[in-house]
Amino acid sequence: MDADLTPLQRWGVLAWAVRPAYLVIEVLVAIISVGGYSFVDDTVSDLGISRFSDVPAVMNASFIVFGALMAFGAVALFGRFGRGPMGVAASVLLVVSGISSIAVGLTPLDQYPDGHVLAATPLFIAQPAALVLLGLAVRHRRPTTGVVVVGTGVVCAVAALAFIAVDDAAGLTERIALWPVFVVLAVLGLQERRSR
């Protein structure tokens with residue numbers, strides 16, 4: 001039941017619930033890619049350049065759309081995970097992450113290499129931190145969910161550090177840093193819809 005959700009909050013839940021569709025888009029773009037694309041060695045951003053992809057605009061548009069959905073969901077659901085410092089900080093970090101993703105889509109790696117790296121950096125810092133804070137914010141109402149979300153945030157943070165520090169398996173470490181966030185936010189939003 002979601003009787004106590006406002007219409008805006010219902011839209012926020014929907015925005016987060018559809019975000020896992022990004023994973024399908026990324027996989028499909030990779031499958032039809034050119035140049036021997038590797039999920040283990042090549043970065044997600046490589047799918048947004050013509051050297052690897054026949055449809056780089058699709059990948060870059062997906063960064064923009066799904067980043068906007070993340071930010072919108074965070075704004076729409078503001079306060080649902082707690083109005084204390086952790087809940088507020090988590091919401092702000094998710095908005096920053098969404099803006100970072102939008103900026104990544106607007107600065108393709110092959111056209112704006114420095115701008116692309118600058119645009120992407122906040123995503124790898126803000127998302128794991130947001131998950132940890134969200135997990136801590138919900139732990140009093142849903143202890144198991146809180147532990148899982150905090151743990152996922154820690155895993156994403158470690159993977160983000162590995163992605164930045166280690167050249168080998170850049171595609172794999174990047175996906176471990178980014179992919180879980182799509183699922184965790186969808187689950188959190190849907191749980192919020194049903195829990196009150």
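Is F39 buried, exposed or partly exposed? With a relative accessible area of 31%, F39 is partly exposed, because that value falls between the 20% that marks the limit for buried and the 50% that marks the limit for exposed. Keep that residue in mind, as we'll come back to its partner soon. Before going on, a word about what you're looking at: this is a predicted model. The mean pLDDT of the chain is 92, and 97% of its residues reach 70 or more. Confidence is highest in helix α3, at 97, and lowest in helix α7 (residues 170–195), at a mean of 92.

Let's start with a simple helix check. Helix α6 runs over residues 143–165, which makes 23 residues. Several residues of α6 are buried, among them T145, G146, V149 and T152. Further along the helix, C156, A159, A160 and F163 are also on the buried list.

Now for the rings. A pair of aromatic rings is described by the distance of the centres and the angle of the planes. The count here comes to seven aromatic pairs. Take Y22 and F66: their ring centres are 5.8 Å apart and their planes sit at 70 degrees, so this pair is edge-to-face. Y22 belongs to helix α2 (residues 21–31) and F66 to helix α3 (residues 56–76), so the pair ties together parts that are 44 residues apart in sequence. Y22 counts as buried because its relative accessibility is 4%, and F66 is buried too, with a relative accessible area of 8%. Back to F39, then: Y37 and F39 form another edge-to-face pair, 5.8 Å from centre to centre and with 85 degrees between the planes. Y37 counts as buried at 12% relative accessibility, whereas F39 is partly exposed at 31%. There is also an aromatic cluster, made up of Y22, F63, F66 and F182.

R19 is placed in the loop between α1 (7–17) and α2. Apart from residues up to four places away in sequence, R19 touches F66, L69, M70, V181, F182 and L185. What is the nearest side chain of opposite charge to R19? That is E26, 10 Å away. R19 is buried yet has no salt bridge, because a salt bridge needs the nitrogen and the oxygen within 4 Å.

You'll find V44 in the loop between α2 and α3, and V44 is buried, with a relative accessible area of 4%. Leaving aside neighbours within four places in sequence, its contacts are Y22, E26, Y37, M59, F63, E174 and R175.

Two of those contacts, E26 and R175, bring us to the charges. Side chains of opposite charge can pair when their charged atoms come close. The structure holds five salt bridges. In one of them, the side chains of E26 and R175 meet at 2.7 Å, N to O. E26 counts as buried at 0% relative accessibility, and R175 counts as buried at 6%.

What does E192 pair with? R80 and E192 meet in a salt bridge, at 3.2 Å from N to O. That pair links R80, in the loop between α3 and α4, with E192 in helix α7, 112 residues apart. R80 counts as buried at 5% relative accessibility, and E192 at 0%. R142 forms a salt bridge with E192 as well, the closest N and O atoms being 3.5 Å apart. Here the link runs from the loop between α5 (113–138) and α6, where R142 sits, to helix α7, and the two residues are 50 apart. Salt bridges that share partners join D4, R80, R141, R142 and E192 into one network.

One last stop is S97, in helix α4 (residues 85–106). S97 counts as buried, because its relative accessibility is 0%. Not counting residues up to four places away in sequence, S97 touches M70, L123, A126 and Q127.

How values were computed:
Residues numbered from 1 in each chain as written. Predicted model: local features only at pLDDT ≥ 70, side-chain atom pairs only at ≥ 80, totals over all residues. Heavy atoms only, no water. Helix = DSSP H or I, 4+ residues; strand = E, 2+ residues; numbered from the N terminus. Expected span 1.5 Å × (residues − 1). Buried < 20%, exposed > 50% of the residue type's maximum accessible area, 1.4 Å probe, protein only. Phe/Tyr/Trp six-rings, centres within 6.5 Å; stacked < 30°, edge-to-face > 60°. Lys, Arg positive; Asp, Glu negative; His and termini not counted. Contact = heavy atoms within 4.5 Å. pLDDT = per-residue confidence, 0-100.
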